Amino acid sequence: MIIIGADYHPGFQQIAYVDTETGELQERRLGHREEAEKFYRELAAQPMKVRVGMEASGHARWFERLLSELQFELWIGDAAEIRTKRVRKQKTDRQDAQLILKLMLEDRFPQIWVPSWANRDLRQLLWHRHRMVQARTRIMNQLQAVALNEGLRCKKRLWREAGREQLAAIRLAPWATRRRQDLLELLDRLNPTIGELTKAVEEEAEKCPEAQRLMTHPGVGPLTALAFVLVIGTTGRFGCGKQIASYLGLVPSEDSSGERRRLGHISKQGNSLLRFLLVEAAQVTVRSNQEWRSKFFHLAMRRGRKIAKVAMARRLAIRLYWMWRKRWNYEQLTKFGSHAGQPGNPHGVQ
């Protein structure tokens, strides 16, 4: 068996590999993509099993597809945890590759969960729609600024037929007129595209039983439910709701020592799109649910509205986790609670 530790970079990769039968250790620097692809294809021609380890990194989709095509075993590790296992203060590409190889040989490699290709492709749908909505929002804000500068204050009415006619009728300088025309044309092209993507998200959510179950919660639509299922992947990865909140970056960063405890802003680790959607969905839940509304205003008076929004998003994420884990809809969750069926003292009688 050949075990390879790869320090991956966008333009090249430094590898250290060993043949477990002979014990021979070799090192190479492979340029992307031609040199690296040639090396791995030549390796595949040999009748030996190959295992490749690398840190979690972006810009490596082609490399993962190549290894999958060649039927190589790929281990992807937690980059932060691998960094903690480095002993020397010197850091080079050769030492990084050697460290990854050493961790794999000693069975200490911090392997992480990797989503399937179908999961990744659906994530691209969500990200593409999100970016298109952001682009539309920027265009609408620019048009609102044009209208306000000319004394036209319509707010949301600006996007109705009468508001568009008023905006188009404003007399502007030549280049300002050109800017208004181009922005309106871009807006008209984006709206059908976003509509198609939204319909595609709804269709994918209908095919997913887990997303359908999460959508029974007030404020949670197809977009939030599908994103939650895709990002979390499987409930078996987490033992409790606190781990979900930490994974999504909805818990405060902490720098404590001894008797001193210092909490900062939320860590913002994990998927930023899902975190954004949870905050938006939590605000809808607050408006539609009296219990959540009371909790929100209580927190807002104590800590401020921004912190209260994040706190409600964290609560929503934990609720969705328990609904998915226990296979309950919203009515069952409110009836039994998230800890129904669990012993009051998990450690037995003290």
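1. Lys 155 is exposed in this predicted model, with a relative accessible area of 52%. The cut-off for the exposed class is over 50%, so a value of 52% puts Lys 155 in that class. The residue sits in the loop between α5 and α6 (161-169). Its phi is positive, about 55 degrees, although Lys 155 is not a glycine. Most residues other than glycine have a negative phi, and most peptide bonds are trans.

2. Gln 71 is another non-glycine residue with a positive phi, near 60 degrees. Gln 71 follows α2 and belongs to the loop between α2 and β5. It is exposed, with a relative accessible area of 73%.

3. His 32 and Arg 33 are joined by a cis peptide bond, with omega at about -10 degrees. Arg 33 is in the loop between β3 (25-31) and α1.

4. Helix α2 (61-69) has a set of buried residues: Trp 62, Phe 63, Glu 64, Leu 66 and Leu 67. The charged residue Glu 64 is therefore among the buried ones in this helix. The cover over these buried residues includes the strands β1 (2-8), β2 (12-19), β4 and β5 (73-77), together with the helices α1 (34-44) and α5.

5. Two packed helices are described by the angle between their axes and the distance between the axes. For helix α5 (residues 117-149) and helix α11 (residues 272-288), the angle is about 65 degrees and the axes are 11 Å apart. The crossing of α5 and α11 is left-handed. On the α5 side the contact is made by Leu 126, Trp 127 and His 130; on the α11 side, by Ser 272, Leu 273 and Phe 276. Sorted by class, this contact has four nonpolar residues, two polar residues and no charged ones.

6. His 130 lies in helix α5. Is His 130 buried or exposed? Its relative accessibility is 12%, so it counts as buried. Residues up to four places away in sequence aside, His 130 touches Leu 273 and Phe 276, both of which belong to the α11 side of the helix contact.

7. Thr 235 is in the loop between α9 (222-232) and α10 (241-247). At 17% relative accessibility Thr 235 is also counted as buried, because the limit for that class is under 20%. With neighbours within four places in sequence left aside, Thr 235 contacts Tyr 321, Trp 324 and Arg 325.

8. The largest pocket has a volume of about 940 Å³. Its lining comprises 31 residues, and those nearest the centre are Ala 56, Ile 112, Pro 115, Arg 123 and Tyr 247. At least two lining residues come from each of β4 (50-55), α2, α3 (79-84), α5 and α10. Helix α5 gives the largest share, four residues. By class, the lining of the largest pocket divides into 14 nonpolar, nine polar and eight charged residues.

9. The second largest pocket has a volume of about 640 Å³ and is lined by 17 residues. Pro 252, Gly 264, Ile 266, Arg 303 and Ile 307 lie nearest its centre. The largest share, five residues, is from α13. The class counts for this lining are nine nonpolar, two polar and six charged residues.

10. How many cavities of 30 Å³ or more does a search of the whole structure find? The search finds one. The largest cavity holds about 40 Å³ of space. Arg 123, Leu 126, Trp 127, Ala 227, Val 231, Asn 271, Leu 273 and Leu 274 line it. Helices α5, α9 and α11 each supply at least two of the lining residues, and α5 has the largest share, with three. Six residues of this lining are nonpolar, one is polar and one is charged.

Conventions
Residues are numbered from 1 along each chain as its sequence is written. This is a predicted model: local features need pLDDT of at least 70, side-chain atom pairs count only at pLDDT 80 or more; totals for chains, interfaces and linings use all residues. Side-chain values use heavy atoms; hydrogens and water are left out. Axes are lines fitted to C-alpha atoms, for helices over the stretch in contact, and angles run from 0 to 180 degrees between N-to-C directions. A crossing is left-handed if the near helix is turned anticlockwise from the far one by less than a right angle, and right-handed if clockwise. Contact means heavy atoms within 4.5 Å. Buried means under 20% relative accessible area, exposed over 50%, partly exposed in between (1.4 Å probe, protein chains only). On a 1 Å grid over the protein atoms alone, a cavity is a set of points where a 1.4 Å probe fits but cannot get out, and a pocket is an open set with protein on both sides within 12 Å along at least five of seven lines; lining residues have an atom within 4 Å of a point. Grid points are joined across faces, edges and corners, and a volume is the space filled by probe spheres set on the points.
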